[in-house]
Amino acid sequence: MHPLRTALAAALVGLLALTLSPFASPASADHYHGVPGPVHAGNTFGWYQYGVFRQEFVGPKPAFWKQKGRGIVRTQHGMLTLMSTQRGSVSATLDLTGHTYGRWEIRMRARTMSKVKGGTPYKVVTELVPGGTRDQHCGGRDIGLENFTLGSNTVKSYVHTLPNSSYRGFLGRHLRNDRWHTYAVEVAPDHVSWFVDAHVINTERRTEALDPVTRQLKFELRARDGKKMHPARMQMDWMRYWGPRARNEKSIKAPQLELSTYNGAC
């Protein structure tokens, strides 16, 4: 074959491979390396049937994402981004009418930006907290979608109930810097279920763990009181809320959580 034709044929093959390959998009490449791409609990369990409230974080940060604490909260490259300092926590809470029941899901990554002498790693936390002006009880009624310490490979999920109970579960996960994962929770009158990377990991049905309160989503880089911290970043690619109307298209049967104590409630 003529050299020019050979080169053109090779270029065409390469172009087709780029177009058709599962590695052609960043999301698919992420999935290949063990983190979720387009698959998540919302489409795996059929929650889309009756609409969704979604945040894609493209453009300026909406005013209803309220910052608290030291650091920066902004949108950056289509992600809601929290940047901490060396001292104190920083959070972003969705300041809209909350929901008692429904499904919440996020796609999130985090990293330690730099290490300082004598510093402590931040905790990366996504929770449902009592919405609006409701009493926060110092975390005593929170539901944790995910909670992990940067540098560790264990993610915790939980529900806190008054006066001092904590129902909690732990999952080993590859949580190195900038590793994408999806986290979701479904809150219903008779159960709470947690999902990681489109798999149900825990379902809690004990009446004592079911605390009906209107809640809203909160992201936080959580510092240890009085400690110098390694500056960190937390980024959310998107978030979703679906109502409880759609039935799950797959089983949510999963182990219940372990009962422990939450000493921080007030």
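This report walks through the pocket, the cavities and a few strands and residues of one predicted protein model.

Some ground rules come first. Residues are numbered from 1 along each chain as its sequence is written, and side-chain values use heavy atoms, with hydrogens and water left out. As the model is predicted, local features need pLDDT of at least 70 and side-chain atom pairs count only at pLDDT 80 or more, while totals for chains, interfaces and linings use all residues.

**The chain as a whole**

The protein chain has three helices and 16 strands, taken as DSSP runs numbered from the N terminus (helices H or I, at least four residues; strands E, at least two). Of its 266 residues, 46% are buried, where buried means under 20% relative accessible area with a 1.4 Å probe, protein chains only. The accessible surface comes to about 13300 Å², and carbon and sulfur atoms hold 54% of that; areas come from the Shrake-Rupley method with a 1.4 Å probe. Among contacts (heavy atoms within 4.5 Å) between residues at least 6 apart in sequence, 69% join residues at least 24 apart.

**Pocket and cavities**

On a 1 Å grid over the protein atoms alone, a cavity is a set of points where a 1.4 Å probe fits but cannot get out; a pocket is an open set with protein on both sides within 12 Å along at least five of seven lines, and lining residues have an atom within 4 Å of a point. A volume is the space filled by probe spheres set on the points.

The largest pocket has a volume of about 610 Å³. It is lined by 30 residues, and the closest to its centre are Glu127, Val129, Asp142, Lys218 and Arg222. Elements giving two or more residues to this lining include strand 7 (123–130), strand 9 (154–161) and strand 14 (215–222).

The structure also holds two cavities of 30 Å³ or more. The table sets out the volumes.

| Space | Volume |
|---|---|
| Largest pocket | about 610 Å³ |
| Largest cavity | about 40 Å³ |
| Second largest cavity | about 40 Å³ |

Residues lining the largest cavity include Leu145, Val155, Phe170, Tyr183 and Ile201. Strand 8 (143–149), strand 9, strand 10 and strand 13 each give two or more residues to that lining. Around the second largest cavity, the lining includes Met108, Phe148, Leu175, His181 and Tyr183. Strand 6 gives the most there, with three residues.

**An enclosed strand and its hairpin**

Strand 13 (residues 199–204) has five of its six residues buried, so it is largely enclosed by the rest of the structure. Strand 12 (residues 191–196) pairs with strand 13 in the antiparallel sense over five bridges; pairing requires that DSSP finds at least two bridges. Phe195 stands opposite Val200 in strand 13. The two strands form a hairpin with two residues between them, and Asp197 in the turn has a positive phi of about 50°.

Thr161 sits in strand 9 and is buried, with a relative accessible area of 6%. Leaving aside residues up to four places away in sequence, Thr161 touches Gly140, Tyr167, Glu208, Ala209 and Asp211.

Arg233 lies in strand 15 (residues 232–242). Arg233 is buried too, with a relative accessible area of 14%. Beyond residues up to four places away in sequence, its contacts include Thr81, Arg109, Asp178 and Leu221. Arg233 and Ser84 are 149 residues apart in sequence, yet 6.5 Å apart in space, C-alpha to C-alpha.

Notes. Buried < 20%, exposed > 50% of the residue type's maximum accessible area, 1.4 Å probe, protein only.
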